[in-house]
Amino acid sequence: MSTVTPEAAPDAEALQAQFDDVIARNERIEPRDWMPDGYRATLVRQIAQHAHSEIIGMQPEGNWITRAPSLRRKAILLAKVQDEAGHGLYLYSATETLGTSRDELTEKLLSGAQKYSSIFNYPTLSYADVGTIGWLVDGAAICNQVPLCRTSYGPYGRAMIRICKEESFHQRQGYELLMTMMQGTDAQREMVQESVDRFWWPALMMFGPPDADSPNTARSMAWGIKRNTNDDLRQRFVDMTVPQAQVLGVTLPDPQLRWNEERGAHDFGEPDWEEFMRVVKGNGPCNAQRVAHRRRAWEDGAWVREAATAYAARSAVLGASREGEER
């Protein structure tokens, strides 16, 4: 009798070579594919931060839903906040394909072990901030996220396609709101300008620290997780936003901002990176408030999660019982 010898499993070197070949061909890594531990950890860190940002990012604008000046504006803002919740769920689902649960990610967020975008630690002091967030913050997000549609990890890239379509709508909605206010009273125009003055520099910080000070950019670029550097994306955002500001009729609060004919791009000033690091480390204007609100929502929703889990378990038992009876 002949025996069949099982085929030997590929060794680590062969698996690494196969992974490198997929990355070199700009193809996608899928959840069941082998991947280096560092690649997996980098994806979990980046996607989790993105997911947390979508969920925490509901708070600043949600602050204005009941105070929006008309039913139409309330409905628009409510729909946008609901979209952000959906984005967070898409992204948490992508991290689950990497073997990390939503519960684990939420606990890390609440403990400070994982971060979210620094922009959401600034307060929304006026209704104009709703429009400015749509124009500048979502505009920066679009610059940052559209290249992620081509990221090397399949579930992340596919989630980003829908997210970017909805973020583009959010950006247009914010710009339309600001344009309407700029055609209103002097007080409304002053409100818009004051809002832009507050959010311009934090929006530039959304792309992360300068490339020379970014510990993750080089590896993420090599693995195809990121497609552009922080500084390249920041430049793209400035060049995109300057003509929009001119049409809108607002002044961007940067005395160094000017067109550089030789570079074919705008020169602009440096954000306050010390402020950026303070906010990232948890010492921004609203860090404690944002996390406390998220913690409260997580704790208040425990009974819903427990009920859903119990219902799923009961449904599974009943389903198995019916299947046995049919046999």
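Reader: How much area is buried between domain 1 and domain 2?
Author: About 1300 Å² in this predicted model. Carbon and sulfur atoms give 59% of that. Buried area is the accessible area (1.4 Å probe) that the two parts lose on being put together, summed over both.

Reader: Where do the domains run?
Author: Domain 1 covers 15–282 and domain 2 covers 285–326. The bounds come from an automatic or database domain assignment. Residues are numbered from 1 along each chain as its sequence is written.

Reader: How many residues does each domain put into the contact?
Author: Domain 1 gives 16 and domain 2 gives 10. Contact means heavy atoms within 4.5 Å.

Reader: Which element gives the most to the side of domain 1 that touches domain 2?
Author: Helix α5, with five residues. The elements giving two or more residues include α2 (37–56) and α3 (58–62). Helices are DSSP runs (H or I, at least four residues), numbered from the N terminus.

Reader: New topic. What is the mean pLDDT?
Author: The mean is 93, and 96% of residues reach 70 or more. pLDDT is the predictor's confidence in each residue, from 0 to 100. Local features need pLDDT of at least 70, side-chain atom pairs count only at 80 or more, totals for chains, interfaces and linings use all residues, and side-chain values use heavy atoms, leaving out hydrogens and water.

Reader: Which helix has the lowest confidence, and which the highest?
Author: Helix α13 (residues 302–326) is lowest, at a mean of 85. Helix α8 (residues 186–205) is highest, at 98.

Reader: What about residues 1–5?
Author: Their pLDDT is below 50. Beyond near neighbours in sequence, this stretch has zero contacts in the model. Where pLDDT is low, the predicted coordinates should not be read in detail.
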